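Please read them alongside the coordinates.

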Amino acid sequence: MVERPILLLGGTGEARSLAAQLDQAGHPVISSLAGRVRDPRLPVGEVRIGGFGGVDGLVRWIRVHDAAAVVDATHPFATTMTAHAATVAERMSLPLLRVRRPAWIPGPRDTWVPVPDMAAAAEHLAQQIAGGGSSRVFLTTGRQDVGVFADISDAWFLIRVVDPPTSDLPPHHEVLRSRGPYDLASERALLRSHRIDLLVTKNSGGDLTRAKLTAAAEAGIPVVMVQRPVEPAVGDTVDSVEAAVEWVTRQRRSTV
Ligand code: NAP
């Protein structure tokens, strides 16, 4: 009997690692990438690239490929894809799992200003600047979120992105193109050489990009931290690739 495939919504290191482990265990998986990054790191196994065309497109894709379950291992801030997956899983009565790396938690040396979203981060920053506070900002929010800072003209921004931003940018900035992981020594050096006095980031979690927070804490630099969005109340959630493998294995057993 041909096993029905699992649709693995990816774009993260966890998704690549999960694809490799499921492939190794003999579970048929089709990984899906949004196609945002020019030169993506591809997971092993079958891969499709590009949006599905909203909820209806995702329903069609799942029907055509007879997917048995959806594993949403997208980035914690990929809220639209996550919402679509939840809607479709509920509508089609499909098992759904979200794989979410744990959020970062501030330590005793961290000075974080938690904000609910990117607009609130920009607002906080504008207030800081108006009050004579920060003026040299390290922005690691991802290129899709840079546009909300475009009107802030009284600060200088170091904007670190994988691919160049396409939105408007603040008038005073430098775009630094690079892809993690980043180590502590280079993050320390980056903050020092650019005389950064504020870091704006989002609570992505994980070890690959954590070093900037340690470097900021050491240097007494405050961090405007955009909090994680609320997850849909549909399906299951795990916080590790190992737990996701177990979930898939259990699903397989229950459908044999
Ligand atoms: P998003 O805002 O939640 O998604 C926007 C649209 O992109 C979705 O409606 C969907 O298009 C398409 N899409 C997103 N993820 C997809 C996937 N894995 N496979 C196929 N289509 C997908 O997502 P995003 O923030 O643009 O993120 C896009 C991708 O980059 C995700 O795979 C995510 O894991 C990865 N990523 C995101 C961030 C971040 O900070 N947001 C950071 C690192 C990596 P349709 O409606 O046409 O299906």
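1. Strands here are DSSP E runs of at least two residues and helices are H or I runs of at least four, both numbered from the N terminus. The model is predicted, so local features need pLDDT of at least 70 and side-chain atom pairs count only at pLDDT 80 or more, while totals for chains, interfaces and linings use all residues. Residues are numbered from 1 along each chain as its sequence is written, and side-chain values use heavy atoms, with hydrogens and water left out.

2. Strand β1 (residues 6–9) runs parallel to β2 (residues 29–33), joined to β2 by four bridges; strands pair if DSSP finds at least two bridges between them. Four bridges also join β1 to β4 (residues 69–72), again in parallel. In β4, aspartate 72 is the residue opposite leucine 9.

3. β1 is covered on both faces, with Ile6 and Leu8 buried on one side and Leu7 and Leu9 buried on the other. Buried means under 20% relative accessible area, exposed over 50%, and partly exposed in between, using a 1.4 Å probe and protein chains only.

4. Together with helix α1 (residues 13–24), β1 and β2 form a right-handed β-α-β unit. Right-handed means that, with the strands pointing away from the viewer, the path from the first strand over the helix to the second runs clockwise.

5. Leaving aside residues up to four places away in sequence, leucine 125 touches Val137, Phe149, Ile152, Phe157, Leu198 and Val200, where contact means heavy atoms within 4.5 Å.

6. The ligand is surrounded by 23 residues, the closest being Gly10, Ser32, Arg36, Phe52 and Lys202; a residue counts if one of its heavy atoms lies within 4 Å. Polar contacts (pairs of N or O atoms within 3.5 Å) reach ligand oxygen atoms from a backbone atom of alanine 78 at 3.1 Å, a backbone N or O atom of threonine 80 at 2.9 Å and a side-chain atom of glutamine 144 at 3.2 Å.

7. Glutamine 251 lies in helix α7 (residues 241–255). Glutamine 251 counts as partly exposed because its relative accessibility is 21%.

Notes:
A polar contact is a pair of N or O atoms within 3.5 Å; within protein, one must be able to donate a hydrogen and the other to accept it, and residues adjacent in sequence count only if both atoms are side-chain atoms.
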